[in-house]
Amino acid sequence: MAQGKSNSDRPRPGGKRRDEKGGPGRRKSCFFCKDKVDEVDYKNINQLRRYISEKGKIRSRRITGACRRHQVQVATAVKRAREMALLPYVAD
């Protein structure tokens, strides 16, 4: 190496060097666990709207911050609310 630079100092296609990894940040805490909610209710539409995107898709755990147990309950509640015509399947 003529310049004395190592491979980690070269620019990478992703834009970050190897020693600047975008590690895990602060995990979002589950909204339902904080409020000690046992079951997610499909009739509570205002609460379920937080977990649906503008296009009508159910948001993932990574985005919502819900724990695994409550995310499964949210998905089931959204599906039931859609079946009862309380929530739309797609956005307008």
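The entries below go from the overall fold to single residues.

**Ground rules**

I am working with a predicted model, so I kept local features to pLDDT of at least 70 and side-chain atom pairs to pLDDT 80 or more, while totals for chains, interfaces and linings use all residues. I number residues from 1 along each chain as its sequence is written, and my side-chain values use heavy atoms, with hydrogens and water left out.

**Entry 1: overall fold**

I looked up the secondary structure and found four helices and zero strands. Helices here are DSSP runs of H or I with at least four residues, strands are runs of E with at least two, and numbering starts at the N terminus. Along the sequence I read the pattern α-α-α-α.

Next I checked burial, using under 20% relative accessible area for buried, over 50% for exposed and partly exposed in between, with a 1.4 Å probe on protein chains only. Of the 92 residues in the protein, 25% are buried.

I then turned to contacts, meaning heavy atoms within 4.5 Å. Taking the contacts with a separation of 6 or more, I get 54% from residues 24 or more positions apart.

**Entry 2: helix α4**

I looked at α4, which covers residues 68–83 and has 16 residues. From first C-alpha to last, α4 reaches 23 Å, close to the expected 22 Å; that expectation is 1.5 Å times one less than the number of residues.

Which residues of α4 are buried? My list reads H70, Q71, Q73, V74, A75, A77, V78, A81 and R82. As a reminder to myself, an α-helix has 3.6 residues a turn, so residues three or four places apart point the same way. The buried residues of α4 pack against α1, α2 and α3. After α4 comes A85, and I noted its positive phi, near 65°.

**Entry 3: aromatic rings**

I searched for ring pairs among Phe, Tyr and Trp (its six-membered ring), with centres within 6.5 Å; planes under 30 degrees apart are stacked, over 60 edge-to-face and the rest tilted. The whole structure gives two aromatic pairs. In one, F31 and F32 have ring centres 5.6 Å apart and planes at 75°, so I logged the pair as edge-to-face. In the other, F32 and Y51 have centres 5.5 Å apart and planes at 25°, so that pair is stacked.

F31, F32 and Y51 form one aromatic cluster.

I checked accessibility here too: F32 is buried at 0%, Y51 is buried at 3%, and F31 is partly exposed at 26%. I also found R50 over the face of F31, 4.3 Å from the ring centre; a charge counts as over a ring if NZ of Lys or CZ of Arg is within 6 Å of the centre and within 35 degrees of the ring normal.

**Entry 4: one salt bridge**

My criterion was a side-chain nitrogen of Lys or Arg within 4 Å of a carboxyl oxygen of Asp or Glu. The whole structure holds one salt bridge, between the side chains of E54 and R59 at 3.1 Å, N to O. E54 is exposed at 64% relative accessible area, whereas R59 is partly exposed at 23%.

**Entry 5: cysteines**

How many disulfides are there, taking cysteine sulfur atoms within 2.5 Å? I found zero. C30 is in no disulfide, and the nearest cysteine sulfur to it, that of C67, is 3.7 Å away. The sulfur of C33 also has C67 as its closest cysteine partner, at 3.7 Å, too far for a bond. C30 is buried at 7%, and C33 is partly exposed at 43%.

**Entry 6: two residues up close**

I looked up T64, which sits in helix α3 and is buried at 17%. Leaving out residues up to four places away in sequence, T64 touches K28, Y51, R59 and Q71.

I52 is in the loop between α2 and α3 and is buried at 13%. Beyond its neighbours within four places, I52 is in contact with K57, R59, V78 and L87. I also noted that the C-alpha atoms of I52 and A75, 23 residues apart along the chain, are separated by 9.5 Å.

Notes
Disulfide = S-S within 2.5 Å.
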